[in-house]
Amino acid sequence: MIVSKFGGTSVADADAIRRLARIMASRTDQRPLVVVSALAGVTDALLALASTAYGGSRDQLQAAVEDLVRRHEAVAMDLPDGELAMATVRTDAEALLASLTVAAGRRLRPAELDHLLGHGELWSSRLVAAAMAGAGLRAAWVDIRPIMVTDDRFGRATPCTPALNTRARECLGPLLDEGIIPVTQGFIGATQGAVPTTLGRGGSDFTAALLGAALGATKVEIWTDVDGLMTADPRIVPTARTLSAASYDEAAELATFGARVLHPATAMPLVREGIPIVVLNSRRPELAGTIIEPAAELERMGDSPIRSISWKPGITVINVRAPRMLGTYGFLRAMFEVFERHEVVVDVLASGEVSVSLTVEDRSRLEPVIHELSELGDVWIDDRRAIVSVVGIGLRTTPGLASRIFRAVPPANVEVISQGASAINMTFVVREDDGPDVVRRLHREFFGD
Ligand code: ADP
Ligand code: ASP
Ligand code: MG
């Protein structure tokens with residue numbers, strides 16, 4: 001079997017959903033399972049509803065919910081069997097409006113927010129299942145929540161793999177065996193007690209990979225709005241080229257450091273069985289896309305020793321200077337315990353003799369972290385920073401690459417430099433405003449334009 005995941009722009013309107021149905025019609029012999037994201041922009045619109053419920057009037061809230069229903073209606077009316085799907089969307093939206101009205105005037109709790117955000121995928125999958133059935137495919141809408149069992153860390157829930165594997169085989173296996181195409185939601189799950197959760201923004205790719213691993217897929221397709229994994233984000237570097245192949249590690253590094261095309265955890269469930277991920281453009285299905293698999297280790301990107309350059313804005317650097325650190329042990333442990341206690345994820349770390357610099361993306365719990373770190377040494381913050389990461393297996397074996405990288409960066413200033421143990425990436429921090437320009441300069445250095 002295969003898993004085919006369609007991102008927001010690949011289900012954005014009726015034309016996109018018709019393209020999806022055509023793509024799936026060409027794959028029925030591969031026993032596909034379809035995973036969909038919310039229509040483009042809908043998750044953000046749902047998130048905005050939370051603010052309207054908090055600070056807006058009852059009329060504004062109602063108007064915003066109606067807007068969302070109309071957006072789905074406009075798509076549904078242009079699709080075969082769309083009206084059928086809309087009946088559920090309307091009932092759901094009414095219930096949602098009622099629950100938001102009750103919660104009006106206060107901030108939603110994380111569990112309530114996850115319940116709210118999950119509607120985008122529930123609705124888009126209804127439209128897609130209806131459109132596929134209308135196009136003559138044997139499709140069945142499946143609620144993924146009882147299958148995608150997670151813990152209760154709302155907003156970034158972790159799947160419980162054993163339970164999820166068993167349920168996926170039990171619930172989806174028989175449908176696939178009968179030649180039916182299950183159409184289900186990315187991004188969402190539920191706790192053992194059936195409380196809805198989400199896997200974090202961009203999490204539909206992760207859903208596809210988890211289901212692919214659970215069901216022993218021969219490949220996981222990620223259908224999106226670009227031709228594949230590219231040498232840089234084409235929105236920053238218009239001349240970026242599509243990679244024919246990349247390894248799991250390279251894809252994971254690129255995704256972690258800003259290449260939004262894949263969720264950073266996508267490769268993780270697939271590594272053990274070596275199941276390939278193929279990134280494809282839903283507007284140009286005839287192209288081969290990028291294959292992400294272990295064998296890609298051997299493939300080189302033309303003459304370039306590197307595969308791709310990514311960047312991630314919105315980064316804060318925390319610097320801790322502690323002269324007591326010199327020649328003592330336990331300092332790093334004490335420091336990391338602070339981050340662990342407050343569940344703050346550290347992305348990049350660089351350490352000197354008496355100081356440590358590390359980067360975080362989530363600023364929401366920074367205050368108590370800084371307060372506690374101040375007990376260990378002098379702490380200062382550099383905000384509005386970006387991480388730039390140069391990634392490629394060639395970094396392991398090509399001498400002199402670091403000097404090529406850092407010659408290309410000026411006049412921007414490089415702040416925190418780090419190279420992981422896998423040695424396939426060189427990562428550093430620059431001012432956020434310099435980020436796009438640094439990516440372009442590096443691209444010119446390594447890819448010639
Ligand atoms: P989807 O809605 O299909 O999940 P996303 O918006 O999450 O799509 O991801 C696709 C986007 O990722 C592209 O439009 C592109 O701008 C961006 N992107 C960033 N870095 C890269 C890269 N290295 N290769 C390809 N796309 C990238
Ligand atoms: N719809 C969700 C988001 O916008 C999940 C996804 O698209 O992968 O984050
Ligand atoms: Mg995405």
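Predicted model: local features only at pLDDT ≥ 70, side-chain atom pairs only at ≥ 80, totals over all residues.

Two strands are said to pair if DSSP finds at least two bridges between them, and by that criterion S9 and S10 pair in the antiparallel sense over 3 bridges.

- An open sheet is formed by 8 strands, which follow the order S3-S4-S2-S1-S7-S9-S10-S8, and its pairing is mixed.
- Its edge strands, each of which pairs on one side only, are strand S3 (139-141) and strand S8 (245-246).
- Strands of a sheet pair through backbone hydrogen bonds, in either a parallel or an antiparallel arrangement.
- Strand S7 (residues 219-224) pairs with S9 in the parallel sense over 5 bridges, and within this pairing Glu221 stands opposite Val278 in S9.
- On the antiparallel side of S9, where S9 meets S10, Val278 stands opposite Ile291 in S10.
- Strand S10 (residues 290-292) pairs with S8 in the parallel sense over 2 bridges, and Ile291 is the bridge partner in S10 of Ala245.

**Strand S9 and its cover**

- Strand S9 (residues 277-281) is mostly covered, with 5 of its 5 residues buried.
- In a regular strand the side chains alternate between the two faces of the sheet.
- In S9, Ile277, Val279 and Asn281 point one way while Val278 and Leu280 point the other way, and all of them are buried.

- Thr266 is found in the loop between helix H9 (248-256) and S9.
- Thr266 counts as buried because its relative accessibility is 1%, whereas the cut-off for that class is under 20%.
- The side chain of Thr266 reaches the backbone oxygen of His263 at 2.5 Å.

**Nonpolar cores**

- The largest nonpolar core holds 120 residues, of which Phe6, Leu49, Met132, Leu211, Ile292 and Leu442 touch the most other members.
- Met132, when its neighbours within four places in sequence are left aside, is in contact with Leu20, Ala21, Met24, Val34, Leu137, Ala139, Ile181 and Val183.
- Another core, of 15 residues, lies apart from the largest one and includes Ile318, Ala322, Val356 and Leu358.

**Ligand 1**

- There are 19 residues around ligand 1, and Thr224, Asp225, Met230, Asp233 and Arg235 come nearest.
- Oxygen atoms of ligand 1 lie 2.7 Å from a polar side-chain atom of Thr224 and 3.2 Å from a polar side-chain atom of Lys5.
- A polar backbone atom of Val261 is 3.3 Å from an oxygen atom of ligand 1.
- Taken alone, ligand 1 exposes 580 Å², and the protein buries 90% of that area.

**Ligand 2**

- Around ligand 2 are Ser37, Thr43, Glu121, Phe187, Arg201, Gly202, Gly203 and Ser204.
- A nitrogen atom of ligand 2 is 2.8 Å from an N or O atom in the side chain of Thr43.
- Backbone contacts come from Gly202, which has a polar backbone atom 2.8 Å from an oxygen atom of ligand 2, and from Gly203, which has a polar backbone atom 3.4 Å from an oxygen atom of ligand 2.
- On its own ligand 2 has 260 Å² of accessible area, of which the protein covers 84%.

Key: Residues numbered from 1 in each chain as written. Chains lettered and ligands numbered in written order. Heavy atoms only, no water. Core = buried A, V, L, I, M, F, W, Y, C linked by side-chain atoms within 4.5 Å. Buried < 20%, exposed > 50% of the residue type's maximum accessible area, 1.4 Å probe, protein only. Contact = heavy atoms within 4.5 Å. Helix = DSSP H or I, 4+ residues; strand = E, 2+ residues; numbered from the N terminus. Near = heavy atom within 4 Å. Polar contact = N/O pair within 3.5 Å; in protein donor to acceptor, adjacent residues only side chain to side chain. Areas by Shrake-Rupley, 256 points an atom, 1.4 Å probe, with all protein chains shown as cover.
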